Amino acid sequence: MKTPLLRRTAMLLLAAVLGLSARAQAQDDLLKELETQRPDSLAPTRDITMATFKGTHIINSQSVETPGKGTLLFLIQHRFGTLNSGAYNFFGLDQAVLRLSFEYGLTDRLTLGAGRGNQEKTFDGFVKYRALRQSEGARAMPVSVTLLASSALTTLKFGTPERSMGSRLTYTYQALIARKISSGLSVQLMPTFIHRNFVDSRQDQNDVYAIGGAFRQKLTKRLALTGDYYYVLPGATADSFRNALGVGVDIETGGHVFQLHFTNAQGMIEKFFIPQTRGNFFDGDIYFGFNVSRAFTVKDRR
C-alpha cells in the first residue's frame, strides 16, 4: 500500500517540478525576447528635413527638390522682354520667351525631365538624383545634395553651312548643395560645368565653369522671398557676358506654387542663363517672368 502511494506522490512532485521548470524557461525566453527588442525600440530615429525649397526651381536655377515617386510635375516658365524697352513695347510685355516641361519621379530620389523652349527652338532633357538628404538624429546629415545632368539641343535653322546635330548640343553638370538653416531660411550652392560643342567665335569657350548661390526666406505662411546668382569663372565667356542675377517671390496656392521674378537673364535653362546672359540688371535690362507648376499623381506610392 505504501509503495504505490509513495510512487504516486513522487510522480506528482516530478510533474510539478517539470511544470515549474517549463514555466520558468518560458519566462526566461520572454525576457530574452524583450531584451532583444528593447534596443531597437529605444534606438534614436532619423528625422529627414523636408521642403528645403517649395519647388523644383528657384528662379533661374533648379533646386535640390524632386517630385515624389509616381508624381508628374508640369512646369510653365514665361519671361517677358526687358522693362527698359519702353512704352512702345509695353515695357517688355509685347515680347515673350516660353518654356514648357515635364518632370517625373521614378523614385523619391530619381527624376527624369524634358522640356521645350521657343528660344532657339530648344529641346532639353535632364536627370536629377538626390544623393544625400539633410537630416537630424541617427546618421545626421548637415546638407542635402542633388546631382543634375542635362543636355540641350538647338533646332533653330541656321544659314549655310548648316550645323550638324552634334554641334547643336550643350551639356550641363551640377551639384546642388542646400541646407535648411531654419524653418524660414534655406540656402543653396551650385558648382557648375557646361560644355558646348559649338561656339560662335574662336575666342569663346567650349567649356565654362561657374558657381551659383541661391536662397529662400519665408515671409508668411504662403509667401517667400527668393534669389539666385551665378558667377562665371574668369575667361573669354566671363569677359563677353554678364553674370545672371534674379530676385523674386514664391506664392503657394494650394496645389501649385506660383513664382514671380525679375532677372537679367532671358533664357530659362543652364545653356542660356549661365554663359549667354547679356543684360545689366542695374541698368534696367530686367526681364519680368513667372514659373508656375502643377503636380499630378500618376502612380500610387505603394
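## Second largest cavity

In this predicted model, the second largest cavity is lined by Val97, Leu98, Arg99, Arg116, Gly117, Asn118, Gln119, Thr122, Asp124, Met268, Ile269 and Phe272. Strand S3 (96–105), strand S4 (110–117) and strand S5 are the elements that give two or more residues to this lining. The most comes from S3, with three residues.

By class, five residues of the lining are nonpolar, four are polar and three are charged. The volume of the second largest cavity is about 80 Å³.

## Largest cavity

The count of cavities of 30 Å³ or more is two. The largest cavity has a volume of about 120 Å³ and a lining of 16 residues. Nearest its centre lie Gln62, Asp124, Ser150, Ile269 and Glu270.

At least two residues of the lining of the largest cavity come from each of strand S5 (122–132), strand S7 (144–154), S8 and helix H3 (270–273). S7 gives the most, four residues. The lining of the largest cavity divides into seven polar, five nonpolar and four charged residues.

## Nonpolar core

The largest nonpolar core contains 17 residues, and Phe273 and Ile274 have the most contacts inside it. Two or more of its residues come from each of strand S8 (169–180), strand S9 (185–196), strand S10 (207–218) and strand S11 (223–232). S10 supplies the largest share of this core, three residues.

Leaving aside residues up to four places away in sequence, Phe273 touches Asn60, Ser61, Tyr230, Ala244, Ala265, Gly267 and Met268. Met268 is also among the residues that line the second largest cavity.

How values were computed
Residues numbered from 1 in each chain as written. Predicted model: local features only at pLDDT ≥ 70, side-chain atom pairs only at ≥ 80, totals over all residues. Heavy atoms only, no water. Core = buried A, V, L, I, M, F, W, Y, C linked by side-chain atoms within 4.5 Å. Buried < 20%, exposed > 50% of the residue type's maximum accessible area, 1.4 Å probe, protein only. Contact = heavy atoms within 4.5 Å. 1 Å grid on protein atoms, 1.4 Å probe; cavity = no way out; pocket = protein on both sides within 12 Å on 5 of 7 lines; lining within 4 Å. Points joined across faces, edges and corners; volume = space filled by probe spheres on them. Nonpolar A, V, L, I, M, F, W, Y, C, P; charged D, E, K, R; others polar.
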